[in-house]
Amino acid sequence: MPSDARPVTEVTRGTDGAGRPARGRAVGQEALGALVALALSVIALRHVVATPRVTLLWYDGDSVLLPLVRRSMELGQPFEWAMSPALFFFPELPVYLLCALVTATPQQALALNGVLVLLAVYALVRAAANELMPAARRSARIAVSAVALGFVTLLVLTESSATATSLELASLLLTTTYYYGAVLAMLGTAVLVLRAVRTGRASVPVLVVLGLVAACTTASNPLYVPWSAAPVVVTLVLLALARRLPWRLVAVLAGTVTVGSVVGYLLRIPLRPFVSLDPSTYVQPSRAGETLGFFAALTDDRAGSAAGDAGLLLLLVGVLLSVGGTVWAWRVRTSRTVLVAAALPLVTVVAVSVGVVVAGSETPRYLEPIVTAPLLALVAVAELARTAVRRTQVHRPRRGIRAVLALAAAGVLLTGVATAPSTLRAVVDARSDPAACLDRWAGGRDVVGVGQFWTVRPLATYASTNVQLLQVRDTFQTYPWLVDLGAYRDAAPTFVVIGSGDVWTTAVEDSLGPPATITHCAGFDVYDYAGTAGAAVLQRDVVDSADAIRRERGF
């Protein structure tokens, strides 16, 4: 059985006794790789900002969650949030708060957060390359990592729609509420497992970090289990059964991931007041057939354009890298680290794809791992190819590869530099015209209003702090979904925001009577009930229903 236990030292030339020139060259290479990654991230952000996809980044009802959390904290409201099963407490909320600390608007904070996520993807793939390609030159490991991020960027460039209900999955990484935390944890878990496999032993620091990642991520987002924990355990056990991994190492790693995930679920018990729905409500096996048809229709819709075809082709390439890499690594009996890195993405893609269908979930974003998991297979295939070339003793083509990579890096850097000013300008100048209209109507008064989910959330995010908006159903009962119930305490709503796409079972005027005034803004109307009997009805229905929900949750 091939073993990775013996460390391989990278050979460097041109160093003095202290190795300072080599260290300087290493720092320079890493800096160049980071600059290429930054340029790729800026290119991806620029595409999203310049297309209708920007709506999903800045103005979607889900995407504005963390800006709303920060706004609530700044206003000193009680932290009584009704979240989804994903709580976004780790790592999304701390990262966003740091981004907001150094930026001036929610748009700027969200854009910075998106760039940081892509840089984190590069950093984790770079760490995986260290484990998979220990004998390769540093420049080769950096190049492979940059190519992996370039793959993600190319996928982003094929995605332009304003909806999350599509097979446009790569650009979801730039948003703060479409589970990038679970994606990064998935890659981080893989890196830690590869580290233990390469060294032949699971050190205490690796096990501690692995357990903490599993526990913290599961506590915040249970998707970590089907996306990462389960595929890791299944992959390790299968390879142990095939006698390609030692059982003792597999037992320790699988046990750590399992225990960490269980601890994460236990931590969710005291966090239960913040969870609006149990994750089990998302599992409906009886709808598996409908789900399969749903995704077939999405695939057909995605294939309706050249960009969509390119995106589907890139996804297929990722899957083929996982399949081909696994077969290749198995047949040549390569190092077990490379075998794990190739097999894990394949298991992940199969598990996630089958799992979504079997669960009866018509939610495309749950397929996000099919974008990022194959990045590990890409690195594994690169190492397999490098090893195969070295065995043939054919080194001349390497110069051609270096030239191609150098030209590609130069092209990416030039494109990043060229697009950076316009991207920065678009982010800095971004404003919400609908929120500005609402601010003009308020005229600096402290006012509280209500409205439905998709209409009021962007307005609540970008309006001035003197304007507060509460989320309600069409019956004017509180809608406890991704909102701070503390904001409803003793609230006195006096106006209703009615969006052009809202559906009201009963007309607003039939429920509250005629408003004092009606103000028209782009995409919505403001029905002002200040000084009318409708204001008392609003306060009774909204505040009383919120009080009942808080008591039920134990706040």
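Trainee: Let's start with Ala 44. Which helix does Ala 44 lie in?
Mentor: Ala 44 sits in helix H1. Keep in mind that this is a predicted model.

Trainee: Is Ala 44 buried or exposed?
Mentor: Buried, because its relative accessible area is 0%.

Trainee: How far apart are Ala 44 and Gly 150 in space?
Mentor: Their C-alpha atoms are 9.5 Å apart, while in sequence the two residues are separated by 106.

Trainee: OK, zooming out. What does the secondary structure of the chain come to?
Mentor: You get 20 helices and seven strands.

Trainee: How much of the chain is buried?
Mentor: Buried residues account for 53% of the 555.

Trainee: Switching to charges. How many salt bridges does a search of the whole structure find?
Mentor: It turns up 14. One of them pairs the side chains of Arg 126 and Glu 30, at 2.6 Å from N to O. That pair ties together distant parts of the chain, with Arg 126 in helix H5 and Glu 30 in helix H1, 96 residues apart.

Trainee: Are those two buried or exposed?
Mentor: Arg 126 counts as buried because its relative accessibility is 7%, and the cut-off for buried is under 20%. Glu 30 has a relative accessible area of 25%, so it is partly exposed.

Trainee: Which residue does Glu 131 in helix H5 pair up with?
Mentor: Glu 131 meets Arg 198 in a salt bridge, 2.7 Å from N to O. This pair also links distant parts of the chain: Arg 198 belongs to helix H7, and the two residues are 67 apart. Both Glu 131 and Arg 198 are buried.

Trainee: What about Glu 290, which residue does it bridge to?
Mentor: Arg 287, with the closest N and O atoms 3.2 Å apart. Glu 290 is at 48% relative accessibility, so it counts as partly exposed. Arg 287 is partly exposed too, because its relative accessible area is 26%.

Trainee: Now the surface. Which residues form the positive patch?
Mentor: Five arginines: Arg 25, Arg 137, Arg 390, Arg 399 and Arg 402.

Trainee: Pick Arg 137. Where is it found?
Mentor: Arg 137 is in the loop between helix H5 and helix H6. With a relative accessible area of 40%, Arg 137 is partly exposed.

Trainee: Why does Leu 238 count as partly exposed?
Mentor: Because its relative accessible area is 48%, and partly exposed covers what lies between the buried limit of 20% and the exposed limit of 50%.

Key: Residues numbered from 1 in each chain as written. Predicted model: local features only at pLDDT ≥ 70, side-chain atom pairs only at ≥ 80, totals over all residues. Heavy atoms only, no water. Patch = residues over 30% accessible without salt bridge, like charges linked within 9 Å, V, L, I, M, F, W, Y side chains within 5 Å. Areas by Shrake-Rupley, 256 points an atom, 1.4 Å probe, with all protein chains shown as cover. Salt bridge = Lys/Arg side-chain N within 4 Å of Asp/Glu carboxyl O. Lys, Arg positive; Asp, Glu negative; His and termini not counted. Charge placed at Lys NZ, Arg CZ, Asp CG, Glu CD. Helix = DSSP H or I, 4+ residues; strand = E, 2+ residues; numbered from the N terminus. Buried < 20%, exposed > 50% of the residue type's maximum accessible area, 1.4 Å probe, protein only.
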